Amino acid sequence: ERDAMELEEAVRGRVAGEPVSCVNLRDLQGNRSAGEGAVIFDGPGTLVYVNRPPAGCPELDAGRTLVIRTPSTRLCRGDIVSVVDPLSRSSYGSCGLGDFVPYRRVE
């Protein structure tokens, strides 16, 4: 229930667009999770992307961060990302990303 509330808060006042398979890394300005079911990426301006990894993803809480390793300038469906604690260098696992659903603020 808490996860659903976090996701609802992240997209409140926004409308979902058509899912896209890739986003430019330079357009991503931060990320957080809504439980293990969704990763929320902050895009340019008020745009947010919601990604629902098909097999879930370790939660980004308690100082954990998402480590992205890609040879490309884009983050795409199927790319593998890792969740780590940068201070202790502990790894909490990895996940394969799904499509990116853009949510734009309603004017």
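A disulfide is a pair of cysteine sulfur atoms within 2.5 Å.

**Before starting**

The model is predicted: local features need pLDDT of at least 70, side-chain atom pairs count only at pLDDT 80 or more, and totals for chains, interfaces and linings use all residues. Residues are numbered from 1 along each chain as its sequence is written, and side-chain values use heavy atoms, with hydrogens and water left out.

**Stop 1: the disulfides**

Select the cysteines. A search of the whole structure finds 2 disulfides. Display C22 and C76, whose sulfur atoms are 1.9 Å apart in a disulfide. The torsion about their S-S bond is about 115°, so this disulfide is right-handed. C22 lies in strand β2 (residues 22–24) and C76 in strand β7 (residues 74–76), so the pair ties together parts that are 54 residues apart in sequence. Helices (H or I, at least four residues) and strands (E, at least two) are DSSP runs, numbered from the N terminus.

Is C76 buried or exposed? Its relative accessibility is 17%, so C76 counts as buried. Buried means under 20% relative accessible area, exposed means over 50%, and partly exposed lies in between (1.4 Å probe, protein chains only).

Next, select C57 and C95, which are joined by a disulfide with an S to S distance of 2.0 Å. The torsion about the S-S bond of C57 and C95 is -60°, and the link is left-handed. This pair links distant parts of the chain: C57 is in the loop between β5 and β6 (65–68), C95 is in strand β9 (residues 90–96), and they are 38 residues apart. Both C57 and C95 are buried. With the bonded cysteines numbered in sequence order, the pairing is 1-3, 2-4.

**Stop 2: the whole chain**

Zoom out and switch to a cartoon view. The chain has 1 helix and 10 strands, and from the N terminus on its elements run α-β-β-β-β-β-β-β-β-β-β. Along its principal axes, the C-alpha trace spans about 45 × 35 × 25 Å. A compact globule of 107 residues would have a radius of gyration near 13 Å, and the chain agrees, at 13 Å. That radius is taken over C-alpha atoms, and the globule rule is 2.2 Å times the number of residues to the power 0.38. Of the 107 residues in the chain, 38% are buried.

**Stop 3: the helix**

Select helix α1, residues 2–11, in which L7, A10 and V11 are buried. Seen down the axis of α1, the buried residues fall within an arc of 85°, so they line one face of the helix. The arc is that of the directions from the helix axis to the C-beta atoms. An α-helix has 3.6 residues a turn, so residues three or four places apart point the same way.

What covers this buried face? The cover of the buried residues of α1 includes β1 (14–16), β3 (30–33), β4 (39–42), β5 (48–51) and β10 (100–105). Just after α1, find G13, which takes a positive phi of about 80°.

**Stop 4: the cores**

A nonpolar core is a set of buried Ala, Val, Leu, Ile, Met, Phe, Trp, Tyr and Cys residues joined through side-chain atoms within 4.5 Å. Select F41, Y49, L66, L75, V81 and F100, the residues with the most contacts inside the largest nonpolar core, which has 15 residues. The elements that give two or more residues to this core are β4 and β8 (80–85). A second, separate core of 9 residues includes L7, A10, A34 and Y103.

Now centre the view on L75. Leaving aside neighbours within four places in sequence, L75 is in contact (heavy atoms within 4.5 Å) with residues including C22, F41, V81 and F100.

**Stop 5**

Select G93, which lies in strand β9. With a relative accessible area of 24%, G93 is partly exposed. The C-alpha atoms of G93 and V83 are 5.7 Å apart, although these residues are separated by 10 residues along the chain. Beyond four places in sequence, G93 is in contact with P58, V81, S82 and V83.

Finally, select A16 in strand β1. A16 counts as partly exposed, at 43% relative accessibility. Not counting residues up to four places away in sequence, A16 touches V101, P102 and Y103.
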